[in-house]
Amino acid sequence: MVEKVYPMTLEGKAKLEQELEELKTVKRKEIVERIKIARSFGDLSENSEYESAKDEQAFVEGRITTLENMIRFAEIIDNNGADENEVSIGRTITFIELPDGEEEVYTIVGSAEADPMAGKISNDSPIAKALIGRKLNEEVTIDTPGGDMHVKITKID
């Protein structure tokens, strides 16, 4: 079986490692303590505190497994030597929507560190897929769920 590779920046990998450490050293202990307290209430069949703690424990253990896998199969993005005028993962792209000129700025990252609210979009998103490989000042049509979007790339950092 071929394992999935997770493209990410060094910063993104460090954040995942930090989250993993927090879950393993702090969150696990908190949940074990909650379970111990909930058990002391007696009958576990109707104990909502116990069920809630067990559910959270399952979620945390699943997240730990996911993070360990992402970190193990991380592929660090290195743009050294790449064309400075070409859109690629790890770069911050500024473009204007045509014809109204509304400016948008996104950093293209791997799916593991995507955070659209912070302006970090996944390389698997429709916008990133349409922009990767394109050049500065190029006009691009992006096929989005809301309809086609026409943009002009104005800056690549």
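Visitor: In this predicted model, how far apart are the end C-alpha atoms of residues 84-156?

Guide: The stretch in question is the one where UniProt, in an unreviewed entry, places the feature "domain: Transcription elongation factor GreA/GreB C-terminal". Over these residues the chain is 8% helix and 45% strand, and its end C-alpha atoms are separated by 7 Å.

Visitor: Which residue in the turn between β3 and β4 has a positive phi?

Guide: Strand β3 (residues 92-98) runs antiparallel to β4, and five bridges join the two, with Ile-96 standing opposite Glu-103 of β4. The two strands form a hairpin with four residues between them, and the turn residue with a positive phi, of about 85 degrees, is Gly-101.

Visitor: What is the bridge partner of Val-109 in β5?

Guide: Strand β4 (residues 103-109) is mostly covered, five of its seven residues being buried. Besides its antiparallel pairing with β3, β4 pairs in the parallel sense with strand β5 (residues 120-122) over three bridges. Within β5, the partner of Val-109 is Ser-122.

Visitor: Which side chains meet in a salt bridge at 3.3 Å, N to O?

Guide: The domain assignment gives domain 1 (6-76) and domain 2 (86-156), whose centres, taken over C-alpha atoms, are 33 Å apart. Seven residues of domain 1 are in contact with eight of domain 2, and the two domains bury about 570 Å² between them, 60% of it on carbon and sulfur atoms. The count of salt bridges between these domains is one. At 3.3 Å, N to O, the side chains that meet in a salt bridge are those of Lys-120 and Glu-11.

Conventions. Residues numbered from 1 in each chain as written. Predicted model: local features only at pLDDT ≥ 70, side-chain atom pairs only at ≥ 80, totals over all residues. Heavy atoms only, no water. UniProt positions renumbered as here; feature names shortened; annotations may be inferred. Buried < 20%, exposed > 50% of the residue type's maximum accessible area, 1.4 Å probe, protein only. Pairing = 2+ DSSP bridges. Domains from an automatic or database assignment. Contact = heavy atoms within 4.5 Å. Buried area = accessible area lost by both parts, 1.4 Å probe. Salt bridge = Lys/Arg side-chain N within 4 Å of Asp/Glu carboxyl O.
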